[in-house]
Amino acid sequence: MLYRKLGRTDVSIPAIGQGTWKFGEDASREKDEIEALRFGIEHGLTLIDTAEDYASGGSERVVGKAIRDLNRDDVFLVTKVAARNCSYKGVLASAEASLERLQTSHIDLYLQHWPSSEHEVSETMAAMAELVHKGWVKYIGVSNFSVSLMQEAQRHLGGVPLVCNQVAYHLNDRHIEEEILPFARERGITIMGYSPFGYAPHVFGGKGFPEAGTKERDVLDSIGAKYGKTAYQAALNWVLRQEGLVTIPKAASKHHIMDNLNAMGWEMSADDLEQIERTFPRGARQ
Ligand SMILES: NC(=O)c1ccc[n+]([C@@H]2O[C@H](COP(=O)([O-])OP(=O)(O)OC[C@H]3O[C@@H](n4cnc5c(N)ncnc54)[C@H](OP(=O)(O)O)[C@@H]3O)[C@@H](O)[C@H]2O)c1
């Protein structure tokens, strides 16, 4: 397993975690989702990402069931407060409700899910710091924050460090490479890239992974094949070439989990990286 440091803490987290968007939406899938999470954990994918907004808390409930009888220190739980709940009282109430759904004593990393137009960063971060002081949460982060918002969040957390910004990062969305990633590196903030295969419809219009038969897919297929890997594994390996970066694919099957594990432990040649660079250029979202 490849590990990455969480901010400037002495905590290491797996470079690949388990996303859980859509988990808990359909009761008939719950058993499979729990099984997939447990399978991933057994294979070292102990970082689990959820949010109060995923399936209206259903995802957190599924995660809670999956980890119920495990040693709590064997998993690293990330969950998020929705932007609409980012008042001081709202943050405390949301964290308490998440703890209940997750059936756990503490959240390892608590993120503000999106910037809020209703609540000041100062108010939200004061509440986030309070959660750490109460022992409900170990570490604080944000998600979908710009450089200036990260700076503001840091300023208002007092002595509590801002350890993470969770942001979209995949071949068709490299916008963080311009400012967010360099700033985060300089400040010791871990970038947790979401949607490594480009799904998340609310952000990307549901474009998803390059389809078979497209030029983009041909490139990924042929590069992957050189290493005995799939196009998806090549895409994940490419994401992980960024030093210090963590990624959280959602995989609801054991097969996909194994594939994702095998996206680690090998490196593409400079020529292959260059070909990817030409096919998926840097810059604005595609
Ligand atoms: N902070 C935010 O605002 C935010 C926004 C979006 C997402 N997220 C987090 O990031 C996680 C991942 O993003 P995402 O769910 O949008 O999409 P994603 O991880 O880019 O893609 C998920 C899709 O890829 C498939 N897949 C997974 N591994 C595969 C493999 N090895 N080969 C082929 N297909 C594979 C999955 O299928 P199966 O499910 O059938 O295995 C699923 O359909 C979310 O679950 C969530 O935890 C955060």
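Two strands pair if DSSP finds at least two bridges between them. In this predicted model, strand 8 (residues 162-168) and strand 9 (residues 190-194) meet that criterion with five bridges, in the parallel sense. Within this pair, Val 167 stands opposite Gly 193 of strand 9.

The two strands belong to an open sheet of eight strands, ordered 3-4-5-6-7-8-9-10, with parallel pairing. Its edges are formed by strand 3 (18-19) and strand 10 (246-247), each of which pairs on one side only. Helix 4 (residues 121-134) lies across strand 6 (107-112) and strand 7 (137-143), and the helix runs at about 155 degrees to strand 7.

Helix 9 (residues 231-239) is mostly covered, with eight of its nine residues buried. These are Ala 231, Gln 233, Ala 234, Ala 235, Leu 236, Asn 237, Trp 238 and Val 239. They pack against strand 9 and strand 10, and also against helix 8 (215-226), helix 10 and helix 11 (270-279).

Helix 10 (residues 254-261) also takes part in the ligand shell, to which it gives the most, with three residues. Of the 25 residues around the ligand, those that come nearest are Gly 19, Trp 21, Phe 197, Tyr 199 and Lys 250. Gly 19 falls within the span of edge strand 3 (18-19). The make-up of the shell by class is as follows.

| Class | Residues around the ligand |
|---|---|
| Nonpolar | 11 residues |
| Polar | 11 residues |

Key
Residues numbered from 1 in each chain as written. Predicted model: local features only at pLDDT ≥ 70, side-chain atom pairs only at ≥ 80, totals over all residues. Helix = DSSP H or I, 4+ residues; strand = E, 2+ residues; numbered from the N terminus. Contact = placed C-beta atoms within 7 Å. Axes fitted to C-alpha atoms, helices over the stretch in contact; angles between N-to-C directions. Near = placed C-beta within 6 Å. Nonpolar A, V, L, I, M, F, W, Y, C, P; charged D, E, K, R; others polar. Buried ≥ 20, exposed ≤ 12 C-beta atoms within 10 Å, placed from the backbone.
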